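Morning, everyone. I have a few minutes on one structure, so let's get it on the screen.

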Amino acid sequence: MAKAAGAKQEIEKLREEIRQHEYLYYVLDEPEISDAAFDRLVNRLKALEAENPKLVTPDSPTQRVGGAPREGFPSVRHARPMLSLDNAYSEEELREFDRRVRELAGREKIEYIAEHKFDGLSISLQYENGMLARAVTRGDGTTGEDVTLNIRTIRSVPLRVDAGALKKAGLRGDFEVRGEVMMTREAFEALNRAQEQAGGKLFANPRNAAAGAVRVLDPAITAERRLEFFAYYLLADGKAAFEKHSESLQALKSLHFRASEDWKLCAGIDDVLDYCAKWDSKREKLPYEIDGVVVKVNRSSLQAELGFTARAPRWAIAYKYPAAQETTVVNDILVQVGRTGALTPVAVLEPVQVGGVTVSRSTLHNMDEIDRLGLRIGDTVLIERAGEVIPKVLKVVKEGKSRKTFRMPEDCPECGSRIHKAEDEVAYRCVNASCPAKRKESLLHFAGRHAMNIDGLGEKIVNHLVEQKMVEDFADLYALRLEPLAALERMGEKSAQNLLNEIEASKKNSLARLIFALGIRFIGERTGQLLAEQFSTLEELAAASEEQLVEVPEVGPKVAASIAEFFSEPANRELIKRLRKAGVHPTAEKREVKSQKLAGKSFVFTGALAHRSREEAGELVQQHGGKVSGSVSKKTDYVVVGADPGSKHDKARELGVTILSEAEFEKLLGI
Ligand code: AMP
Ligand code: ZN
């Protein structure tokens, strides 16, 4: 009993602490402890809750992600409609709004609050007894969708509000907060990068990404999407909670909601116009996107007096920044080589003003995108600038009279080497390891801990070395001399000497590391190892045909093609020669040869073996002169089948290849 009581106390204390740190991190952006220390607190709480399942409550910070994927979202009626806002697109329309309000109110001057118009998805949070009970989308304004489980995963949404803070604000535990779910530009870009890598669909803008994340059926996915919630209304009994809207905004902050810091109390419409102008030039620098300014009458009693139309409140208006879309002509399409060697087509536009900025370029991402748009040089296109300076092409609006089809170049525009495209990839890439466009990236990879492990060759030094033209390819590293190196910014003799020692030591690295370090597309550490087991020098690997390469375990046609492409590039062959001259010429450690009884025989393994891993079995085959391959062909001599074999088993039967059990395999080896 005493133990349980102690646990309860500790659990409550931990929750309190974690809530505070979540607030510091996710709302204020001012963490006081490291991520690791935070994780320790959460893990301790999880452990205690696992020991005491009865003490788990829905408002515990461990319970943000819970519940299984669902079929759909139930509909919920809003207590008070979630209305839209009327729009103003010019100073004139804002002044007109002010005139109407003054007339209806019969006053000379009106106090307004001007706030950012967050470009996201509006959500109503309903709290009961200080605990988050429900989260609902706007829907058609009258009924929305219950997305509670998904919204709970957003760390800046309090699952419970501190009772003391409520009391201090003069609020009861039942209230409603309205605000916007958003994604920062950074989170949006990271998401799209991940989507691109996984071959998933790309989101057009942060708003779509945020809306998509709220409406996925699996809350675990929402949790991964780094969403923010910005609060801008506080309602009690369906009405404004305070005398003034400014007080609501302050109260939201004291209740630990993330509310904008940037709202302003305006004495009249002139102040509002100043605010709009100021943020038009500054909004680019915000971490999230805003598409305008919301202007609200500050005094709640006046709001009530003014009331609503069927569509929107009469006491508020959304000032929208000038349209960020424009049409223009694509004069040309250029190709840029990125840091990884990928070629990106860029549209050269007839310069045009979009949302106050002149634009003359727009990325087209890749060839697939150009095909999707049906774009040719000379066409007129609709472009959009959504916050970022570089706009994107939305669609072709008029075909050019003498339109020209764009083709990806066959040679790299930076270095003239061959361009390669893997079959199932969208990107075209330059395969030259020393291509100037990817020099820095390649060198960093080469020096990496799992590659040549050259400690001290980090980003700053690589930048210097490349910019001063001291290093153009990997081999140049081995020709570096002390004096010029020590003369580099913030280097000094001692660290220069250390670096030279590290570079010298890297010559002793294994062949496997060197193969990986070359940065051949699709060749990770493990493939590097497997290749080093088959070929005893880099030259031998370079001379291998694609047919020989697919014989290597785990090397499929795509990887084999990439290796062959790499070594067929003259610049890369030259590089290998230069490395060898520099003394970088590891040879594979020779495998212990026990017999030649499997000489000339090739094996494929499928399924799980009982007595050894497949790698170990493969090693055995090779120790006895045999070869291991990753795929079954007519040339395969034996397919060794373990438990739960895959399609290779069927293939073997189809081709009539001899099939062995593990016991039969052992017998063959005489073990
Ligand atoms: P619109 O969707 O263009 O009709 O604009 C109305 C919507 O703007 C509202 O429904 C809210 O979702 C959203 N909004 C964004 N920021 C604010 C804000 N600071 N105050 C009120 N509504 C806002
Ligand atoms: Zn190149």
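Predicted model: local features only at pLDDT ≥ 70, side-chain atom pairs only at ≥ 80, totals over all residues.

Start with helix α22, residues 557–568. It has twelve residues. From first C-alpha to last it reaches 16 Å, close to the 16 Å expected at 1.5 Å a residue.

Which residues of α22 are buried? Val559, Ala560, Ser562, Ile563, Glu565, Phe566 and Phe567. Note that a glutamate, Glu565, is one of the buried residues.

What do the buried residues of α22 pack against? One strand segment, β18 (419–420), and the helices α19 (525–534), α20 (538–543), α21 (546–550) and α23 (570–581).

Take α23 from that list. Two packed helices are described by the angle between their axes and the distance between the axes. For α22 and α23, the angle is about 75° and the axes are 5 Å apart. Angles of 65 to 115 degrees count as roughly perpendicular, so α22 is roughly perpendicular to α23. On the α22 side, the contact is made by Phe566, Phe567 and Ser568. On the α23 side, Pro570, Asn572, Arg573 and Ile576 take part. By type, the contact residues divide into four nonpolar, two polar and one charged.

Now the rings. How many aromatic pairs does a search of the whole structure find? It finds 19.

Here are two of them. Phe97 and Tyr112 form a tilted pair, 5.9 Å centre to centre, with 40° between the planes. Phe97 sits in helix α3 (residues 91–105) and Tyr112 in strand β3 (residues 112–118). They are 15 residues apart, and the pair links distant parts of the chain. Both Phe97 and Tyr112 are buried.

Next, Phe603 and Tyr638. This pair is also tilted: 5.1 Å centre to centre, 35° between the planes. Phe603 belongs to strand β20 (residues 602–606), Tyr638 to strand β22 (residues 638–641), 35 residues apart. Phe603 and Tyr638 are buried.

Ring pairs link Phe118, Phe230, Tyr232, Tyr233, Tyr288, Phe308 and Trp315.

Last stop: Met131, in strand β5 (residues 131–137). From Asn52, Met131 is 79 residues away in sequence and 22 Å away in space, C-alpha to C-alpha.

Methods
Residues numbered from 1 in each chain as written. Chains lettered and ligands numbered in written order. Heavy atoms only, no water. Helix = DSSP H or I, 4+ residues; strand = E, 2+ residues; numbered from the N terminus. Expected span 1.5 Å × (residues − 1). Buried < 20%, exposed > 50% of the residue type's maximum accessible area, 1.4 Å probe, protein only. Contact = heavy atoms within 4.5 Å. Axes fitted to C-alpha atoms, helices over the stretch in contact; angles between N-to-C directions. Parallel < 35°, antiparallel > 145°, perpendicular 65-115°, else oblique. Nonpolar A, V, L, I, M, F, W, Y, C, P; charged D, E, K, R; others polar. Phe/Tyr/Trp six-rings, centres within 6.5 Å; stacked < 30°, edge-to-face > 60°.
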